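Hi everyone, thanks for making time. I'd like to walk you through one model today, so let's get it up on the screen.

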Amino acid sequence: VGGLTKSLVHYSGSALLGYLNDPSGSKIKGVLITLIQIFEKFLKVERVSVPLFKMTDLILANCQLESVPEEKRDQLLFDLCVLCKKEIARTRNLKKIIDSISVFCGFLQFSGKIRSTSLERLLIFLCHTYPRVRKEVADQLYVSLQTFDDVAPAESYDEVLSLLSETSWMSADGDFKNVRNRLCDIFGVSRPKPIAKPKASVSNTKTVDSAKGLGYR
């Protein structure tokens with residue numbers, strides 16, 4: 001559905017949602033399993049993954065997922081969430097990142113490890129190099145917190161909304177890290193840790209020094 005031209009999206013999306021309107025939940029469960037299988041097979045293949053993000057967003061926003069037995073549903077959604085996280089890891093593709101934000105916000109309606117995994121990814125995006133990504137995350141997270149009112153602790157709800165709405169996310173020199181870390185503390189998720197750069201081994205250093213001594217550069 002997500003990879004079709006705009007003129008066909010409405011009709012194909014309506015047809016899919018009509019098919020998934022199943023009180024037993026068996027059709028939704030089957031589609032979730034299929035999505036996971038396709039994600040696993042085509043991980044990091046952008047011509048497939050970008051439409052999958054859009055289809056996942058459509059399902060999260062419109063399907064009656066509570067019709068699927070809770071234990072099975074939560075495991076399938078967690079597996080799907082983890083694959084989405086792997087898909088956008090280290091990517092510089094702005095379109096893919098923007099599409100993934102809607103998906104991770106959609107996962108917030110579910111509690112437990114699905115929500116915490118999604119929050120971790122969204123909060124990392126708040127310090128992204130691209131200003132548009134920071135702004136998009138703040139805007140969508142703000143709306144999601146108003147839609148799913150149990151995501152933020154009641155005593156910190158107003159503070160979270162203020163941090164998201166009043167921070168200048170498009171500026172080049174904002175204090176994004178401190179804001180992000182405060183939000184991590186409020187939501188009870190771990191603060192992101194910088195990835196340490198690998199140190200050059202002693203043997204490699206000696207090899208380079210030897211090469212310089214022989215006149216190589």
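Let's start with a question: leaving out residues up to four places away in sequence, which residues does Arg 115 touch? Have a look for a second. Okay, here's the list: Phe 107, Leu 108, Gln 109, Phe 110, Asp 150 and Val 151. Before I go on, please keep in mind that this is a predicted model.

So where are we in the chain? Arg 115 is found in helix α6. Is Arg 115 buried or exposed? Its relative accessible area is 9%, and because the cut-off for buried is under 20%, Arg 115 counts as buried. Another thing you can check on screen is Cys 81: it sits 34 residues away from Arg 115 along the chain, yet their C-alpha atoms are separated by 9.3 Å.

Now let's zoom out. Of the 217 residues, 40% are buried. And if you take the contacts with a separation of 6 or more, 65% of them are between residues 24 or more positions apart.

The crossing is left-handed. On the α5 side you have Ile 97, Ser 100, Ile 101, Phe 104, Cys 105 and Phe 107, and they meet Ile 114, Arg 115, Ser 118, Arg 121, Leu 122 and Phe 125 in α6. By class, that contact has eight nonpolar, two polar and two charged residues.

While we're on α5, look at Lys 96, which has its place in that helix. Lys 96 counts as buried, at 1% relative accessibility. Beyond four places in sequence, it touches Glu 46, Ser 49, Val 50, Phe 53, Glu 87, Ile 88 and Thr 91.

In soluble globular proteins, nonpolar side chains tend to be buried together. In this model, the largest nonpolar core has 59 residues, and those with the most contacts inside it are Ile 101, Phe 107, Leu 145, Leu 183 and Phe 187. Helix α4, residues 70-88, gives the largest share of this core, with eight residues. Take Phe 187 as an example: leaving aside neighbours within four places, its contacts are Leu 119, Leu 123, Leu 145, Val 151, Ala 152 and Val 160.

Last stop, the cysteines. How many disulfides are there? The count is zero. Cys 84, for one, is in no disulfide, and its nearest cysteine sulfur, in Cys 81, is 6.5 Å away. Cys 84 is also buried, at 0% relative accessibility. Cys 127 counts as partly exposed, at 31% relative accessibility.

That's my tour, so over to you for questions.

Terms used: Residues are numbered from 1 along each chain as its sequence is written. This is a predicted model: local features need pLDDT of at least 70, side-chain atom pairs count only at pLDDT 80 or more; totals for chains, interfaces and linings use all residues. Side-chain values use heavy atoms; hydrogens and water are left out. A nonpolar core is a set of buried Ala, Val, Leu, Ile, Met, Phe, Trp, Tyr and Cys residues joined through side-chain atoms within 4.5 Å. Buried means under 20% relative accessible area, exposed over 50%, partly exposed in between (1.4 Å probe, protein chains only). Helices (H or I, at least four residues) and strands (E, at least two) are DSSP runs, numbered from the N terminus. Contact means heavy atoms within 4.5 Å. A crossing is left-handed if the near helix is turned anticlockwise from the far one by less than a right angle, and right-handed if clockwise. Ala, Val, Leu, Ile, Met, Phe, Trp, Tyr, Cys and Pro count as nonpolar, Asp, Glu, Lys and Arg as charged, and the others, Gly among them, as polar. A disulfide is a pair of cysteine sulfur atoms within 2.5 Å.
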